[in-house]
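Hello,

Here is the structure I promised to pass on. Please open it alongside this note, and write back with any questions.

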Amino acid sequence: MEMMQLGKTPLKVSRIALGCMRLSENKADAMASIKAALDAGINLFDHADIYGRGARETMFANIWDEVPGLRSRIILQSKCGIRSAGSPEPSSPHRYDFSYEHIVRSVEGSLSRLKTDYLDVLLLHRPDVLMEPAEVARAFDELRRAGKVRYFGVSNHTSHQMAVLQQALDQPLVANQLLLGLLHSELFEQGVRLSSRPVMRNVRGDGTLEHCWLNGVTIQAWSPLSSGAVTGNLPASAEPHVVQTAEVVAELAAARGVSKEAIALGWLLRHPAGILPIIGTMNPARIRASCEATEVQMSREEWYRLFIASRGEDIP
Ligand SMILES: NC(=O)c1ccc[n+]([C@@H]2O[C@H](COP(=O)([O-])OP(=O)(O)OC[C@H]3O[C@@H](n4cnc5c(N)ncnc54)[C@H](OP(=O)(O)O)[C@@H]3O)[C@@H](O)[C@H]2O)c1
């Protein structure tokens with residue numbers, strides 16, 4: 001497994017991480033998924049306080065008994081900031097909460113469920129419209145000084161939201177976890193659409209990719225396989241560009257003698273910004289197939305064939 005530096009930290013992480021959102025409720029199955037990832041060289045595991053309402057973190061902690069001495073060999077990342085409707089009051093709405101109290105309480109909960117003294121990385125899950133940067137900075141400082149969190153980042157944040165938060169912090173944000181893959185390539189799309197006719201279609205993003213790249217913030221790509229749609233797990237209602245993308249992925253995989261996962265993830269790895277896919281499969285064979293991606297050195301021609309197929313039309 002190829003390794004990379006995470007943001008401006010000394011942490012060396014695998015080029016592919018395992019997302020634990022879909023970790024099985026069956027202990028044997030869950031442990032098999034984690035062990036398959038470890039055997040394939042994955043050392044970065046992504047969690048969130050809300051995955052399974054905490055149950056995924058609790059399940060993950062069983063790995064400490066199964067693989068002694070593992071804690072110091074892996075990088076544990078979790079997220080906070082999303083709160084469910086009905087908590088704590090029945091009338092409480094679904095909301096985002098970057099208050100000092102919620103961030104600190106959430107980390108305490110994750111540490112207790114994960115049975116660990118520290119998180120390597122904490123991400124703010126989705127931007128809180130009511131964020132007070134100084135308040136977040138206080139929570140981060142306190143958590144870092146207490147040794148409970150080593151590094152901090154964000155998820156689903158635009159470049160400007162990152163900048164507003166960053167100016168209050170005395171440590172660099174190390175990661176931004178974003179929806180990114182062959183079927184969600186708006187971050188790339190924006191870059192090729194600037195001078196094109198018809199007038200730029202509505203694309204998300206505001207130079208977020210370039211902002212992260214420029215500032216040494218690792219972009220982590222969530223749902224990189226779109227639930228397997230790009231590797232052939234096509235919904236009956238799949239649009240033509242999705243079908244076409246899956247066909248090109250299959251063709252390139254066959255031509256190179258690698259898995260379809262390796263092609264779809266290799267497409268992300270090929271970007272020079274150093275994008276880190278967070279895979280969500282819990283199937284050991286698919287985890288292994290995904291990790292083949294680090295051996296694919298995708299050509300420019302292959303990359304653009306996939307890009308054009310996925311956008312459903314030629315580039316300008
Ligand atoms: N920051 C955020 O807001 C955010 C949001 C969502 C997710 N995430 C993170 O990103 C991680 C990955 O997300 P994701 O799970 O949506 O990623 P994904 O890799 O796009 O999808 C994984 C899902 O697709 C299924 N799948 C993949 N290939 C398949 C195939 N060929 N046939 C049938 N099913 C297939 C997997 O089932 P099998 O297990 O059976 O392979 C699994 O249910 C999560 O675990 C989480 O850590 C972050």
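Predicted model: local features only at pLDDT ≥ 70, side-chain atom pairs only at ≥ 80, totals over all residues.

Below is what I found, starting with a strand and moving on to a pair of helices.

Residues are numbered from 1 along each chain as its sequence is written. Helices (H or I, at least four residues) and strands (E, at least two) are DSSP runs, numbered from the N terminus.

Strand S11 covers residues 218–222, and five of its five residues are buried, so the rest of the structure largely encloses it. (Buried means that 20 or more other C-beta atoms, placed from the backbone, lie within 10 Å of the residue's own.) Thr218, Gln220 and Trp222 are buried on one side of S11, and Ile219 and Ala221 on the other.

S11 also has paired strands (pairing takes at least two DSSP bridges). Strand S10 (residues 175–179) runs parallel to S11 and is joined to it by five bridges, with Ala175 partnering Thr218. Strand S12 (residues 276–279) is parallel to S11 too, through three bridges; here Ala221 partners Pro277.

Now the helices. H1 (residues 27–39) packs against H11 (residues 284–291) at about 20°, with the axes 9 Å apart; axes are lines fitted to C-alpha atoms over the stretch in contact, and angles run from 0 to 180 degrees between N-to-C directions. That makes the two helices roughly parallel (angles under 35 degrees).

Best wishes

Notes: Parallel < 35°, antiparallel > 145°, perpendicular 65-115°, else oblique. Buried ≥ 20, exposed ≤ 12 C-beta atoms within 10 Å, placed from the backbone.
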